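Let's walk through this model together, a piece at a time. Keep the sequence and the 3D view open as you read.

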Amino acid sequence: MRTSQLLIPTLREDPGEAETVSHRLMLRAGMIRKVAAGVYTYLPVGLRVIRKVENIIREEMNRAGAQELLMPIASPAELWRETGRWDFYGKELFRLKDRHERDFCLGPTHEEVITDLIRREVRSYRQLPLNCYQIQTKFRDEIRPRFGLMRGREFIMKDAYSFDKDEEDAKLSYQKMYDAYTRIFTRCGLTFRAVEADTGIIGGTSSHEFMVLAETGEETIVYSDEGSYAANVERAEVRPPTDTPTEAPQPLRKVPTPDARTVEEVTALLKTTPQRLVKTLLYKAPHETVAVLVRGDHEANEVKLKKLLGVTELELAGPETVAAITGAPVGFAGPIGLRQTRILADHAVKAMRNFVVGGNEGGTHYVDANWDRDFQVAQFADLRNARAGDPSPCGGGRLRVARGIEVGHVFMLGTKYSKAMGATFLDPQGQERLAVMGCYGIGVGRTGAAAIEQHHDAKGIIWPVPIAPFHVHLLPLSQSAQVSEAAGLLYELLIRSGVEVLWDDRNERAGVKFNDADLIGVPFQVVIGDKGLAQGIVELKQRRTGEVTRLPPDKLLEQVKALLLQHLTVS
């Protein structure tokens, strides 16, 4: 492809709208352009990356025995009402009416549509197992779309759905997809971890997220420095403390703490530490408001609290609710004297003695409080976020923390959707059974963006070879007859040999071409200049390492093919 004929509007300056590295570089490299908040056009170079990721996904899904189909973007509300998700999904669901005033939505995911298909077409256990996938546009009306392709309202997704006759076979299907995802992200050139995750709005019994490790990731993951345990922070387990408190209880005292509301302000005023303070957080669930106690240096985990309460909706109580229940403004709530409010506490609180809590009165706190003497805890549970240094919940070792970008998610759904929609089959005895399901998603555009977050430098993108828009960037440094002829011959030679080439044939200064080449991030740059040709050589530069090899033009193809073979070999 000649640059002069390619729609690739590169930018010299960083766009003001860009918030992340991938967003900034994809705009600057002429890969995407914004149409509306969270909605983008993929320009030719960006689309080439998308197609590379799709092809890897398709190859590995087919290799794992999945079958490709294509479901409609729009689906009728009736299907969603069968599972209860028409109301449960909330405002993220793009809803519309047809000319007959019938309700439809634009699919954010396709569990309902695929389950409807299978319940109509699968009658016998002999038709199972079955795994169907698609690569298609999805829509979610994000309240705050941001970060370019990381969190959009319209995005490309691979979603697969497995159907099995029993739980044992479903686990095998799940493992096949887990292994396929491992191969996909390895082939994309990404450093990643599969972590235990919450099932969220999709539901089911268990799930794993595939996280690309990057400092700019918006997700926090924890992993053990010994063994294989890894989970996102919402799911990560925290073992109860094993130490038994030996401090003797001290008399409870109420002390003035004027204008001290935060943990930092209170501990500074009382000359203590956050580890000696217990925060009291009030949460509103659908049918009750509960008080949740966590140590001052810990953060409450709302996902764990939802599971404990058996609810799907939860929010921190507002100032009016806090005042009505505790009699105090926000910042001074405490467990002592609470009436008709269930108190839940994190395991770490159980190991504490003589701690500070809010006084349920403006400008006051209690000092030397003890839970077994001064108030009643209805239940102790794991209610906080794991953090670096915590003991690993599986075996020895300590937890470490990293940032990650979720690019894939696999779910064990069980019979949640098949039961709601009546997706049954006849077993060998002629008995009707519910299909056991799994679902498996990959964000295609997000995978490309995550690759940039992980592979870039101050000059621009450094594409992993398997998903790079081109293999070679041909950079003639002049418009002389000698250089133009050599560039044309090399271009034709590489193209005929199956090498994907971007030929910068513009009449631009060498510095402009080098800057654009580094920005776009094609893995291998071939520099052709008059001085080099006079010496019988061209330069082959590797974008990632900066390593330059000087070689005769007739040896270039051999060297490029060897490098591509090294990076593109499929295991």
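First, the ground rules. This is a predicted model, where local features need pLDDT of at least 70 and side-chain atom pairs count only at pLDDT 80 or more, while totals for chains, interfaces and linings use all residues. Residues are numbered from 1 along each chain as its sequence is written, and side-chain values use heavy atoms, with hydrogens and water left out.

Start with helix 1, residues 21-28. Helices here are DSSP runs (H or I, at least four residues), strands are runs of E with at least two, and both are numbered from the N terminus. Is helix 1 mostly covered or mostly open? It is mostly covered, with 7 of its 8 residues buried. "Buried" means under 20% relative accessible area, "exposed" means over 50%, and "partly exposed" falls in between (1.4 Å probe, protein chains only). The buried residues are V21, S22, H23, L25, M26, L27 and R28. They pack against strand 1 (32-36), strand 2 (39-42), helix 13 (444-454), strand 25 (456-457), strand 26 (460-461) and helix 15 (510-520). Just after helix 1, G30 takes a positive phi of about 70 degrees.

G30 also turns up among the contacts of I8, a residue in the segment before helix 1. A contact means heavy atoms within 4.5 Å. Leaving aside neighbours within four places in sequence, I8 is in contact with T3, A29, G30, V45 and I520. I8 counts as buried because its relative accessible area is 13%.

Next come strand 1 and strand 2, which pair in the antiparallel sense over 4 bridges. Two strands pair if DSSP finds at least two bridges between them. R33 has T41 as its bridge partner in strand 2. The hairpin has 2 residues between the strands, and G38 in it takes a positive phi near 75 degrees.

The largest nonpolar core has 61 residues, and M31, Y181, F185 and W463 have the most contacts inside it. Such a core is a set of buried Ala, Val, Leu, Ile, Met, Phe, Trp, Tyr and Cys residues joined through side-chain atoms within 4.5 Å. Which residues does M31 contact, leaving aside its neighbours within four places in sequence? They are M26, T41, Y42, L43, V45, G46, V49, I461 and W463. Apart from this core lies another, of 25 residues, including L93, I114, V122 and L130.

V122 shows up again in the lining of the largest cavity, along with I118, R119, A423, T424, F425 and A435. A cavity is a set of points on a 1 Å grid over the protein atoms alone where a 1.4 Å probe fits but cannot get out, and lining residues have an atom within 4 Å of a point. Helix 5 (111-121) and strand 22 (424-426) are the elements that give two or more residues to this lining. A search of the whole structure finds 1 cavity of 30 Å³ or more.

Elsewhere, 5 strands form an open sheet of mixed pairing, in the order 16-14-15-17-20. At its edges are strand 16 (315-316) and strand 20 (379-381), each pairing on one side only. Strand 17 (residues 342-346) pairs with strand 20 in the parallel sense over 3 bridges, and A345 has F380 as its bridge partner there.

Finally, some backbone details. Most residues other than glycine have a negative phi, and most peptide bonds are trans. A cis peptide bond joins L128 and P129, with omega about 5 degrees; P129 lies in the loop between helix 5 and strand 7 (130-139). E101 is not a glycine but has a positive phi of about 65 degrees, and N360, also not a glycine, has one of about 55 degrees. E101 is exposed, at 54% relative accessible area, whereas N360 counts as buried at 13% relative accessibility. As for location, E101 lies in the loop between strand 5 (94-97) and strand 6 (103-106), and N360 in the loop between strand 18 (355-358) and strand 19 (364-369).

Methods
On a 1 Å grid over the protein atoms alone, a cavity is a set of points where a 1.4 Å probe fits but cannot get out, and a pocket is an open set with protein on both sides within 12 Å along at least five of seven lines; lining residues have an atom within 4 Å of a point. Grid points are joined across faces, edges and corners, and a volume is the space filled by probe spheres set on the points.
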